Structure formats: C-alpha cells, structure tokens
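Here is a short report on one protein model and its ligand. Look through the structure first, then read on.

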Amino acid sequence: MSHEFTVIKSDKPMPDEKREEILKSPAFGVNFTDHQIIIDWTKEDGWHNARVEPYGPMLMDPASAVLHYGQEIFEGIKAYRHEDGSIHTFRPHANAARLQKSARRMALPELPAELFVESLKQLIQIDGAWVPEPVNEKTLYIRPFEIAAEAFLGVRAAQRAEYRVIASPVGAYFANGIKPVNIWIALDSARAGRFGTGEAKTGGNYAASLLAQGEGYENGCSQVLFLDAESHTYIEELGGMNVFFVYIDGHVVTPSLDGTILHGITRDSIIQLLKDRNISVEERAVTLDEIRDAYNSGEITEIFACGTAAAITPIGQLKSRLEVIGKETTEAGELTLSIREELTGIQYGRVADRHNWLVKLS
Ligand SMILES: *Cc1c(COP(=O)(O)O)cnc(C)c1O
C-alpha cells in the first residue's frame, strides 16, 4: 500500500492550558494524546486504510480473537524533544524489525518497516505539542501495537488484524535522582520457556510476569528477575528490562540471547557504547550462583537493568524468599551512571549521534 494516511482531526482536542498542565509532571501511561493511528489488515487485502483518527475507545466484537487467544504484540519507543524544538526518535527501524519478528511468532501479519516509521511521523505531525520540553527526562512514550481483530472463536491465526499507535507523555522515571532499586528473583514462576514466546514482545509474557511482580512489591522490590524456565539456574531478564553485570576488573557481562530473552534495543545500544569505550562485553550464559558469589564478594561492583521506559535502572539488592544478595546501597554505580548519561545524551541531542541512531520525526 502507499503511505497515504487519511486524517480525521479531533474536534475536541485537549485545550492548550490543560495539556501544558499535564506536561508539567506527566505520570506514566495515564494521559493520551489527541489522536491515534490505525491501519487495517485482512488476509484478502493486506494492509490498507491507514488513518489518523481522534483518540478514543474502540468498538470491538466480543468474539474478537485477541480477547480469547491472546494474539497481541506491541512496541515501546519514545519521541524526544531537543533543545532546538525538533523531535526525534531512537532506532525506529530496530523496533519495526522487532515488531515483524514478534508478528511472525504470534502468527500476525508483518507491518512493513517504512509504514511503521511513517506511522510515528504521522502521529507526531498532528500531536507534536504533546512531546514535553527536554527537562527531567520527560518524553512522549509511543505504544504501537497489533491485535487479531477477527470475530471468530475457531483456533487459528486470525484473518483480520489491526495496527494502532497511541502515545502518552511521561515524566522522569526516577523522581528523586537515579537511585538503585531492589529486584525480586522469581523462584516459583517463569516468564518464557524454550521455543515459547520469550523473544516476542507480546502481552502474554507480561501477564505471565504479574504474579511474581505482586510478590516482589510485597517484598519491597519494584521489578522481577526471571530465571530460565527449564533449570531455574540461569539468569534471563527482568519482566520488561534486560540486565547487565559490571565486574571489578572492568568487564561487563549480560545474558546471551538464547531464544527466551527479549532482544532489547537499549541492551544492544549499551553493548555498542561499551565497546566504543573499549570495555569488554561478554554475552554468555550467567548463573544465579555466579552472580550470588560475585556480588556478595564484591567482584561484581554494579548491576543495572535497561529498557526504553527508564533507559538504565541501577539495581541494589537481589531478593528472593530464600535470600538477600548484595549490600544495601543508595548510590548508583559509576559506569551505570556514565553509560546512562551518554545514552540519554544521544537521545536528547546533547551528545553526538555517531551511530546515526536518531530519526527526525518533526
Ligand atoms: C521491551 C522489553 C525489553 C526492553 O526492550 P527495549 O527495546 O530496550 O525497550 C526487555 N525485556 C522485555 C521482556 C521487554 O518486553
């Protein structure tokens, strides 16, 4: 299909003063911009009817396949305003490729990458005023997603699907400075098994993580660390973030992508930035036993998690119903902070974009 989008403008966009009020300190995922992108897909006609519509509730048949068999995939990407007022996004072609990969795994249609990037441009063109000023790491969080939209209770890949993009302004993930958070090790559940859907960015993986996340909250932890489903020996990732370990001799270790771990774009970018600094990065299997010994002995000096939402999150202690690993700390590690500064610096246009990761949206 061509990249022509039909535009239906909202006749009741949020008044400027109200939007400005929200943009002062936006909470994550609560307020949405005035418009959404919608593209339909059918088995007969492929992708068609690309459009910009007012944001609002959607009418759905209660037999829609997504509601019954969970055929859903999504992306998370941000729009960053630079000092000069221009608006950029970070590595959108990587997100486009990942959405296609998730689609293949979940038997959904693959959206062409150019259409993905164009959909972001269309949304920012009309809702650019929703991208906050670049202070306190404020951004517009963009959520592209795809669902099976066929009204049919038979079990097979849906023959109708819908791609949509919505967006929500977000504020600093760390309200009071970048402080380490404790994480909960899930010992009684796993998020993804071998040959399962761990590499797909699909809602079901998140549903599978929520029970352990509840346990984590009850134990003062804001995120959950998952081990491999088969042997419960190897560290995989957090519910929605990849993880890195910094050793005292300077090298960095992160679990290799073994088929069950989400291929984080932040993870990939951090590996590149570390290599640019001539820091050795090992992508390999990492056991909980290794991490326990090395973190308790001081051989591991820093642990951090990463993902688009919070960029880089320093980690303090690892806790489970059996143990506490690591010392109590209120300070983020040095490498954690400096890599974070470099990555967010590139995203907000304060640091040279030497890998051409930014794409201008407006
Ligand atoms: C989205 C996601 C990540 C982080 O990916 P980024 O591309 O860095 O945002 C990590 N793990 C899971 C399970 C995710 O869904």
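## About the model

This is a predicted model: local features need pLDDT of at least 70, side-chain atom pairs count only at pLDDT 80 or more, and totals for chains, interfaces and linings use all residues. Residues are numbered from 1 along each chain as its sequence is written, and side-chain values use heavy atoms, without hydrogens and water.

## Helix α7

Helix α7 spans residues 288-297. (Helices are DSSP runs of H or I, at least four residues, numbered from the N terminus.) Leu-288, Ile-291, Ala-294 and Tyr-295 are buried here. Because they cover an arc of only 140 degrees around the axis, they lie on the same side of α7. The arc is that of the directions from the helix axis to the C-beta atoms.

On the other side of α7, Asp-293 and Ser-297 are exposed. Buried means under 20% relative accessible area and exposed means over 50% (1.4 Å probe, protein chains only).

## The ligand

A polar backbone atom of Met-241 is 3.5 Å from a ligand nitrogen atom. The protein covers 98% of the 380 Å² of accessible area that the ligand has on its own. Such areas come from the Shrake-Rupley method with a 1.4 Å probe.

Key:
Helices (H or I, at least four residues) and strands (E, at least two) are DSSP runs, numbered from the N terminus. A polar contact is a pair of N or O atoms within 3.5 Å; within protein, one must be able to donate a hydrogen and the other to accept it, and residues adjacent in sequence count only if both atoms are side-chain atoms.
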